[in-house]
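Let's take a walk through this structure together. Keep the 3D view open while you read.

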Amino acid sequence: MKVFVDRDLCYGSAECAHRVPAVFEFVDGFGVVRPGRAETGEDPEVLEAAEKCPSQAIGFTGTPRSAPDRP
C-alpha cells in the first residue's frame, strides 16, 4: 500500500512528522510523505500515524499484502 497526505484535509498539526519522521515531514505548513517513502503503508507506525492524525488527512492507496495461507 502507498501512503499519502491529503493537503485539502491536512491543517498542519505535524503529528505525522513527530510520530514517524522517517516517512513524514513538515513542508510549507503541511505534512507530506518524504520522497521515496510512499510504499511504507503497511508499517505499523505509519498505520498508527494515520489513525492518530487529528485531521484524518493520511490515506492509503492499493491493497494490503495478504498474509500467507496457513494450514
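Predicted model: local features only at pLDDT ≥ 70, side-chain atom pairs only at ≥ 80, totals over all residues.

Residues are numbered from 1 along each chain as its sequence is written, and side-chain values use heavy atoms, with hydrogens and water left out.

Let's begin with charge. Side chains of opposite charge can pair when their charged atoms come close. Such a pair is called a salt bridge here if a side-chain nitrogen of Lys or Arg lies within 4 Å of a carboxyl oxygen of Asp or Glu. How many salt bridges does a search of the whole structure find? The search finds four.

One of them joins E39 and K2, whose closest N and O atoms are 3.6 Å apart. E39 sits in the loop between β3 (30-33) and α2 (44-52), while K2 belongs to strand β1 (residues 2-5), so this pair ties together parts that are 37 residues apart in sequence. The helices and strands named here are DSSP runs numbered from the N terminus: helices are H or I with at least four residues, strands are E with at least two. Are these two partners buried or exposed? E39 counts as exposed, at 52% relative accessibility, whereas K2 is partly exposed at 41%. For these words, buried means under 20% relative accessible area, exposed means over 50%, and partly exposed is in between (1.4 Å probe, protein chains only).

Next, look at R19 and E48, a salt bridge with its closest N and O atoms 3.5 Å apart. R19 is in helix α1 (residues 15-19) and E48 in helix α2, so the pair ties together parts that are 29 residues apart in sequence. R19 is partly exposed, with a relative accessible area of 33%, and E48 is partly exposed too, at 37%.

R34 and E25 also meet through their side chains in a salt bridge, at 3.6 Å from N to O. R34 is partly exposed at 31%, and E25 is partly exposed at 22%. Salt bridges that share partners join E15, R19 and E48 into one network.

Now find D6, in the loop between β1 and α1. D6 is partly exposed, at 26% relative accessibility. Its side chain reaches the backbone nitrogen of D8 at 2.8 Å. The C-alpha atoms of D6 and A57 are separated by 5.0 Å, although these residues are 51 apart along the chain.

Finally, let's turn to the inside. The structure holds one cavity of 30 Å³ or more. On a 1 Å grid over the protein atoms alone, a cavity is a set of points where a 1.4 Å probe fits but cannot get out, and lining residues have an atom within 4 Å of a point. Grid points are joined across faces, edges and corners, and the volume is the space filled by probe spheres set on the points. The largest cavity holds about 70 Å³ of space, and its lining includes V5, Y11, E15, A57 and I58.

The largest nonpolar core has 14 residues, and V3, V5, V23, F24 and I58 have the most contacts inside it. Such a core is a set of buried Ala, Val, Leu, Ile, Met, Phe, Trp, Tyr and Cys residues joined through side-chain atoms within 4.5 Å. The elements giving two or more residues to this core are β1 and α2, and α2 provides the largest share, three residues.

Note on methods: Polar contact = N/O pair within 3.5 Å; in protein donor to acceptor, adjacent residues only side chain to side chain. 1 Å grid on protein atoms, 1.4 Å probe; cavity = no way out; pocket = protein on both sides within 12 Å on 5 of 7 lines; lining within 4 Å.
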